[in-house]
Amino acid sequence: MRTMVRPTVTMAAMLLAGGAQAASPTTKPSLVDSFRVGTGGASLCQMQSISNDPAFRTMFDRSWSLACRDAAAPVGHIYALRGAIADVTARLVGLRRNKLDCIPSAEARLADLGAVTVMECEGSGRDVRYRNYAIQRGRTVFAAEGLAGYDSALRLALRSVALDRIVPGDVSVALTEAGDAAAFARVQAGSLDLDQALTEGYRRNNSGNYAEAAEFFDTLLQRRLGSGDPNRHYGEYVANQALQKSDLGLFGEADALFDEARRIPTSDPVELRLRRNLEAINHLNQARLDQATALLDRPVKPIEGNAASAALIPPGVAAAMNSEAPIARSLGIAAANQLTPQERAAILDAQATGLRGSILRRRGDLAGANAAFEQMFVEIAAIRGGNVSSLTRLRSQALAEQSSIAEVRGDRATAEVLLRRATDMLAIEYPGSASVTAGNARLAAFLARTGRTAEALALYRGVVAKLAADGAAMPGIDVMLRPYLALLAAEAPRQPALAADFFLASQTLVRPGLAETQAILTRELSGGTDEAASLFRQSVTLSREVERRRVELGRMAGIANPTPADVAGTEEARKALTQIEGDQAAVQARLAQYPRYRAVSTRGTTLAELQQTLKPDEGYWKLVSAGGETFAFLATPTRASVWQVPLNADALGQAVDRIRNSITMTVDGHQETHPFDADAARNLYLALAGPEEAALPRIRNLIFEPDGAMLRLPANLLITEQRGVDAYLARIADPKGNAFDLTGVAWLGRSADISTSVSARSFEDVRKTAASAAPLPYLGLGRNAPVPAIRQLTVPPAPAGTLDCSWPFDAWNHPIAPSELVTAAKVIGASPGSLILGADFTDTAIRERRDLSRYRIIHFATHGLVAAPRAGCPARPALLTSWGKSGSDGLLSFSEIYDLKLDADIVILSACDTAGSASVAATREAGVTSGGGRALDGLVRAFVGAGSRSVLATHWVAPDDYHATERLITALFEAPAGTPIADALRQAELRLMDQPDTSHPYYWSAFALVGDGSRPLVARN
């Protein structure tokens, strides 16, 4: 089990990063680099100073970019330029030449400014309107220009700069077609100079805005080659990425990136210390205690003078600080940017001492560990007398570690005192933050371990409520909630109402790789130009504003002796919070209509809502992996139950591997099928089904939400009765018996229509979604062409010193036969043009098609690539296609799939391993640390986000032997009109189950239906 050590390092990283404080209404815009525009409404905008603008002529000139949260690109620019208005206007017109066509318009009047000149413009070659305002005040001309749809923001920004005070007002924005496909933060990072972009990246990390910070750092990495000093901060960027991968369990990638970082030279003593600490955490995450110790003991260059630069807060550890930015800024914590390089180095060295304490505790040297933490306290006190408020985190983490030491020694009283001090310390400095939530979870776990069940349950409920309200994944929360889930599972048989608590808690756990997948798809959504993207950006902003105001209200309500003004201010703050929460709910309600949002949403649902969604003959069976243990939950419309599975994560993985290896495995590059391990399938069913062993086969439509190793195995091949197993074993005991004949076995998929769910909320959303309105029945795509010889010669090799993470060209030399596509098209009566095969089946052609939304059924017969091409490379789930024109890589990635515009009832992925994980060794961009789920969370989620109601995917290569796959697809499409998809699939599988030659699960069990199985495949006319 991994020990969560990230909070120890997070605080110093935040201190090193520094960052500017948020501007208050009394702030003068001329004295800050960034300030907010607009004090109301859902579309919030930000002004960012630009240090080098082509419009500048004198040292007194200034300019700002104007970016709004519902736009993917800057929507305007504000100028304060010395000179006469005619000269300045001519200068700006010259900069816009060949970009805008402008004509003078009538004057307008702006509050507090009076008359201003106005010019109306159109983008050359585009039907997009722009507007320009200008006014002369003294020797300075103040001008604003930008998209006319953001007129209210332009006016507010111009007034704020000209009056040198932040002017209150609402920003109301009309939807426009302006903008590109980059995310808001990525555009900001690309438009600022490198130092400003780095500062903004720090600020995003300090605020816990992890996805935005990642955009800044990614963009900085891309821009570094075009800078004057491409190696400046390069090592820090790479080390940050490495730790992010390590925190997600992607250890192969993390190690490769740390290797790359070590090859990047630096003499900066602060950066050297930061790199040391980050790599030590990577070793600790992998339980490599000796390597971590050796790294921490390695001498580091002493710091001299003031030459050292500020270091970068690591994105990986910043994930543990989600939603804490507004809190930090409101408490003045960002003042750490005033620390000297010597003080920053001292903080990093104190961190290293704390890390040594963590290592010693894990080795069982409790006295040595305790001494290390006491030494860390001494080192902290030496930094400005310990009066840097952000050092609270380091103190709190050390106290929590000392609490663990006291508990191991049997001193529960001291352990509780220390743990409560650690949590209270965080609550004072960071009220309502993720750190406080984690501290409360640790305290609740302690109460549960010491037998104080009622107290533990009450505190855990508060933790879960906070997690559900925040809607963000918290690193290590599965370990913290494991005792809670175990308590609920133990108490639920006596208190059935606790099943609702279990269900809610289970939805706060997010698989590490799924969190990264959602982050990637979220960036795709955030960078879009459609209404869903605009609403999503507004929703993100409102969520942060709600959190900021909650913290502000909590601090105001905590004033010991409030004055009448304090009381009135508190009431106003409460009203403002209520209004913003209402705005947030309205925006999210509109967002729920869009599949692109549903694919990335972390919103949960209640047990009552789930039961209202289920039909009378349905059940929802959910597995939960938490802290190395496995739990199960079953809900029908009238009852719910919870139990702990008697298999931990490792044992479950071994059982799944044993069954998988008896179905199909790759030997010397060839697929081999072996006699099925019926005993293992029967025992696994008994372990997973627990008290519901008899009930599950009687549920007609079973919705299964897998987790852990079960992401790699279809539930339909679990065996529900011993009698069929005994008959099979007796049959194969005969030397002449057929070991591949499993007729008569009581598979779970024989009695139940089984569909797979990625989450309860997604199941509810899909069920509420109307059927496809597409006019055409079917589109089939497959049989990729080999890579053209000329392309093989022209693809550039990986840069020297870097890992080649491209797929070998041989991957394209084994296309899947299109027979099932031909059969499906024939059965369904599709037109001859409904098949896209061979050289026409390219990634670029698919991305450029504008008619994909006209097909109800889209069927891919190609290979799914869900593993990493080489150890240390990231795994990027994709479908293999033919190579197309310039810009093609012969792969349709899951982020490209997400950007497709579909209106399909179902997408069929008759490909290699598109429903599960290729192998435990595969890196996990979209799965879990133990392997599995990469395609379920990557490819499948992407197709759902693109607009498909359901996805039919395969757990292994669809077999050609005995024409099994062709027969299954034929039977699936021959089902009578109106037959539910899950029922049609089960009936097709039954035909193969009942034939001795195809009764082995290899032939019939591979397909998994993700979505609502009660919908018909072919609708009745």
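**Helices, salt bridges and cores in a predicted model**

Me: Where does aspartate 365 lie?
Reply: This is a predicted model, in which local features need pLDDT of at least 70, side-chain atom pairs count only at pLDDT 80 or more, and totals for chains, interfaces and linings use all residues. Residues are numbered from 1 along each chain as its sequence is written, and side-chain values use heavy atoms, with hydrogens and water left out. Helices (H or I, at least four residues) and strands (E, at least two) are DSSP runs, numbered from the N terminus. On that basis, aspartate 365 lies in the loop between helix H13 (341-362) and helix H14 (366-381).

Me: Is aspartate 365 buried or exposed, or in between?
Reply: Buried means under 20% relative accessible area, exposed over 50%, and partly exposed in between (1.4 Å probe, protein chains only). The relative accessibility of aspartate 365 is 35%. Aspartate 365 therefore counts as partly exposed.

Me: What span should helix H16 have, and what separates its end C-alpha atoms?
Reply: The expected span of a helix is 1.5 Å times one less than its number of residues. Helix H16 (residues 412-429) has 18 residues, so it should span 26 Å. This agrees with the separation of its end C-alpha atoms, 26 Å.

Me: Which helices do the buried residues of H16 pack against?
Reply: The buried residues of H16 are Ala415, Glu416, Leu418, Leu419, Ala422, Thr423 and Leu426. An α-helix has 3.6 residues a turn, so residues three or four places apart point the same way. With contact meaning heavy atoms within 4.5 Å, the buried residues of H16 pack against helix H15 (392-408) and helix H17 (434-449).

Me: Which residue forms a salt bridge with glutamate 618?
Reply: A salt bridge is a side-chain nitrogen of Lys or Arg within 4 Å of a carboxyl oxygen of Asp or Glu, and by this rule the count comes to 45. In one of these, glutamate 618 has its partner's closest atom at 2.6 Å, an N and O pair. The pair links distant parts of the chain, strand S9 (residues 618-626) and helix H30 (residues 760-768), 149 residues apart. Glutamate 618 is buried, with a relative accessible area of 2%, and its partner is arginine 767.

Me: How many residues apart in sequence are the parts tied together by arginine 658 and aspartate 677?
Reply: Arginine 658 forms a salt bridge with aspartate 677, with the closest N and O atoms 2.5 Å apart. Arginine 658 lies in helix H26 (residues 649-661), and aspartate 677 in the loop between strand S13 (670-672) and helix H27 (678-689), so the pair ties together parts separated in sequence by 19 residues.

Me: Which residues have the most contacts inside the largest nonpolar core?
Reply: A nonpolar core is a set of buried Ala, Val, Leu, Ile, Met, Phe, Trp, Tyr and Cys residues joined through side-chain atoms within 4.5 Å. The largest one has 75 residues. Those with the most contacts inside it are Trp621, Phe676 and Leu684.

Me: Which backbone oxygen does the side chain of asparagine 784 reach?
Reply: Asparagine 784 lies in strand S16 (residues 776-784) and is buried, with a relative accessible area of 3%. Leaving aside neighbours within four places in sequence, asparagine 784 is in contact with residues including Pro815, Phe841 and Thr862. At 3.0 Å, its side chain reaches the backbone oxygen of tryptophan 812.

Key. Polar contact = N/O pair within 3.5 Å; in protein donor to acceptor, adjacent residues only side chain to side chain.
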